[in-house]
Amino acid sequence: MLKDHAEGSEHWSGDALDYMHPSDLASKDWCPRAAYFALKNRQPYGGEEKFSFNRENIFDEGDDIHTKWQRRMARTGKLWGDWVCLSCKAKASGVLSCYAETNGIVVPYVECVHIWKYIEVPLRSGLVTGHEDGAMDDFMVEIKSIGTGTLRAESPKLLARYSFQHDGRTFYDFDRLWRELRRPMPGHVRQAQVYLWMALQMGLPYRKVVFLYEHKGHQQVKEFTVTMSDRLLAPILDGIDVVRKAVESGAAPECPQGGCKYCAQSGASKAGDRDRRGEQPRRRTTRKSRAEGAERILVRSEEHTSELQSLRHL
């Protein structure tokens, strides 16, 4: 019964299927062919996932952690972004300083006692869209709830280093692993590059992303700051450009791997969706980088500085 009333992921509501998303573009094995067919067939990149309460619980737990940190940021009176009233559906954009003054979400208004809900920082450029979790002063904020699944996908070597076997089962020493985690995970850094690029295209003043990592198990927190890197951004922009040209021409681009699981899952294998030869191209291609030189990416940990000092006094 509950399955029939599950809310599902808001990530794929409205016109979200008409755009590519930073979390997909940041994947190390992102496929432009799969992205093209995802747009053409209006379905999520990599295809639809089967419903499971385990997956829903993961999303809901992450949403709760996001909401907690956004509420703390809102109370500083500096949180910038879009807001919607849960009562009358009125919308506002910018900084709601009155949120901090009331130490909550109920704000008196002329026609309605607004109950403001923060709906984050919408970003869009061309065929790419996404939401940053927050923006304050001169930086954006990306909140990550870290669990075994995130580590398995983003830092498998680190996870393996602190794993051990007992009675035929695998266990992890998360306390030691957490102390060893001194840099943001590579996929998250690439994701930040897309957010920063979109902010730049939109004329927004944000030139760095602060990551807040919260471990789901023991609730410990780490903070990292990432700035834009031409070296990391260039191949991502090249891929975006490949998909843009494919959408304009109607000709599917080749898969850099000569065929991958994402191509099939995104609908590339459907009848009539193959290239003019009637088959998936097998030639491996290499994307050229626009960067003329490697730019050192700046990553700072909480051991050196904190962009969110004001939250510590709430």
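By the criterion of a side-chain nitrogen of Lys or Arg within 4 Å of a carboxyl oxygen of Asp or Glu, the count comes to 9 salt bridges. The structure is a predicted model, in which local features need pLDDT of at least 70 and side-chain atom pairs count only at pLDDT 80 or more, while totals for chains, interfaces and linings use all residues. Residues are numbered from 1 along each chain as its sequence is written, and side-chain values use heavy atoms, with hydrogens and water left out.

Side chains of opposite charge can pair when their charged atoms come close. One of the salt bridges is formed by the side chains of E180 and R161, with an N to O distance of 3.6 Å. E180 belongs to helix 7 (residues 174-180) and R161 to helix 6 (residues 156-161), so this pair ties together parts that are 19 residues apart in sequence. Helices here are DSSP runs of H or I with at least four residues, strands are runs of E with at least two, and both are numbered from the N terminus. With a relative accessible area of 27%, E180 is partly exposed. On this scale, buried means under 20% relative accessible area, exposed means over 50%, and partly exposed lies in between, with a 1.4 Å probe and protein chains only.

The side chains of D241 and R244 meet at 2.6 Å, N to O. These two residues are 3 residues apart in helix 9 (residues 230-249) and are therefore separated by about one helical turn. R244 also forms a salt bridge with E248, the closest N and O atoms being 3.0 Å apart. E248 and R244 are 4 residues apart in helix 9, about one turn of the helix. Through salt bridges that share partners, D241, R244, K245 and E248 are joined into one network. E248, by contrast, is exposed, with a relative accessible area of 60%.

D60, E61, D63 and D64 form a patch of negative charge on the surface. Patches are made of residues with over 30% relative accessible area and no salt bridge, like charges being joined within 9 Å and nonpolar side chains (Val, Leu, Ile, Met, Phe, Trp, Tyr) within 5 Å. Asp and Glu count as negative and Lys and Arg as positive, whereas His and the chain ends are not counted. The place of a charge is taken as NZ of Lys, CZ of Arg, CG of Asp or CD of Glu.

For the protein as a whole, 10 helices and 13 strands are assigned. Buried residues make up 45% of the 314 residues. The accessible surface comes to about 17300 Å², of which 48% belongs to carbon and sulfur atoms; areas come from the Shrake-Rupley method with a 1.4 Å probe, and for residues only the protein chains shown count as cover. Among contacts (heavy atoms within 4.5 Å) with a separation of 6 or more, 70% are accounted for by residues 24 or more positions apart.

K28 lies in the loop between helix 1 (22-25) and helix 2 (32-41) and is exposed, with a relative accessible area of 74%. The C-alpha atoms of K28 and E154 are separated by 9.6 Å, although the two residues are 126 residues apart along the chain. W116, in strand 4 (residues 114-118), is buried at a relative accessible area of 8%. W116 and L96 are 20 residues apart in sequence, and their C-alpha atoms are 9.3 Å apart.

Positive phi values were computed for two residues other than glycine, E120 and Q219. Phi of E120 is near 70°. This residue lies in the loop between strand 4 and strand 5 (121-125) and counts as buried because its relative accessibility is 18%. Q219 has a phi of about 60° and is placed in the loop between strand 11 (208-215) and strand 12 (221-227). At 45% relative accessibility, Q219 counts as partly exposed.
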